[in-house]
Amino acid sequence: MTDSDQAMKELIENELFAWWDRNARDLPWRFGRTTPWGVLISEVMSQQTQMSRVVPYWLAWMEVWPDAASLAGASTAEVITAWGRLGYPRRALRLQECARVVAQQYDNELPRTYDELLALPGIGDYTASAVMNFAFGGRIAVIDTNIRRVLSRVFLGVESHGGAATKQERELAERVLPKDAKVSVVWNQSVMELGATVCTAKNPLCEQCPLADSCAFLAAGRPGLGEQRTRPRQRFQGTNRQVRGMILNALRSLGTGDASDEAAGKRAKEITKETTAEAGSAAVTSLPRNQVEALWGDHVQLDLCIASLDEDGLIEILPDGSLRLPQ
């Protein structure tokens, strides 16, 4: 890096950090207010999920299962219920698998090396890097779609087109990462925050960006803006994903009478206090076949989704055709 490049890098860093100090969202897992396990939970929950939806689930989850050992001892039904409508519920099962390994093999403490974190069930490069940096303060480049987009635009002047990170993008992230480990934490968090709230994929708020004067992409006229967006809009209505979600939501809401997003998050605070039998009558734990069929008119698609949920370990099919969450 030349002297002029270094000077530009320092200017960008100063402007970005000043913006971070004024604008960083006050999320409950930030600023040293949670454990490394809490950081990991936030990262897993946040994958492909809007942050505004994650906060209530994270708060409820951490109140019930504040560490790996407590989550490891929960039933599968409890875990799936608490996951609510965060989406991609297999993440919840993998998270519990991870908890069991941490509780049994690491004395209930997350390992502190990248390779050990990466070897945990359900943990990929991004999550391992994020935990290393955000929880343990290690100097490591954290690379997600927001960070890739900001760095590509500011330093290269081109749009990031999604998919797997390219060699050029990884080399750039390593090259501009501050040498000081503590400073690298603020760098990763602030670049990610800028990408999530200002330097967005389709409609970046360039007039509000602290890096506007230094951005090569803006100077070039924002070439190819929004092409091959990093998170393309996907059809949801009528898909197997929608049907799977309807089935799980119906099972999670048995006995509660409320399947709203907020209620699903709050359920995590109650599930460990409940048993399958309560005073007065037996708790309803399964959905009869006729009610299952009423969920979706295309019964061929419905049966395919039921089979896939069963294969993923997310539901159990009883002999009479009724469904329930795994016990």
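These legends accompany a few close-up views of a predicted model. Residues are numbered from 1 along each chain as its sequence is written, and side-chain values use heavy atoms, with hydrogens and water left out. Because the model is predicted, local features need pLDDT of at least 70 and side-chain atom pairs count only at pLDDT 80 or more, while totals for chains, interfaces and linings use all residues.

**View 1. The chain as a whole has 16 helices and 5 strands.** Helices (H or I, at least four residues) and strands (E, at least two) are DSSP runs, numbered from the N terminus. Of its 327 residues, 46% are buried, meaning under 20% relative accessible area with a 1.4 Å probe, protein chains only.

**View 2. Helix α5 packs against helix α6.** Here α5 spans residues 76-83 and α6 residues 90-105, with an angle of about 130° and axes 9 Å apart. Axes are lines fitted to C-alpha atoms over the stretch in contact, and angles run from 0 to 180 degrees between N-to-C directions. Helix α5 is therefore oblique to α6, the class left once angles under 35 degrees, over 145 and 65 to 115 are set aside. Take a look at the contact (heavy atoms within 4.5 Å): Thr76, Val79, Ile80 and Trp83 of α5 meet Arg91, Ala92, Leu93, Leu95 and Gln96 of α6.

**View 3. Cys209 is in no disulfide.** The structure holds 0 disulfides, a disulfide being a pair of cysteine sulfur atoms within 2.5 Å. For Cys209, the nearest cysteine sulfur is that of Cys199, 6.1 Å away. Cys209 counts as buried because its relative accessibility is 18%.

**View 4. Cys305 is buried.** Its relative accessibility is 1%.

Note on methods. Buried < 20%, exposed > 50% of the residue type's maximum accessible area, 1.4 Å probe, protein only.
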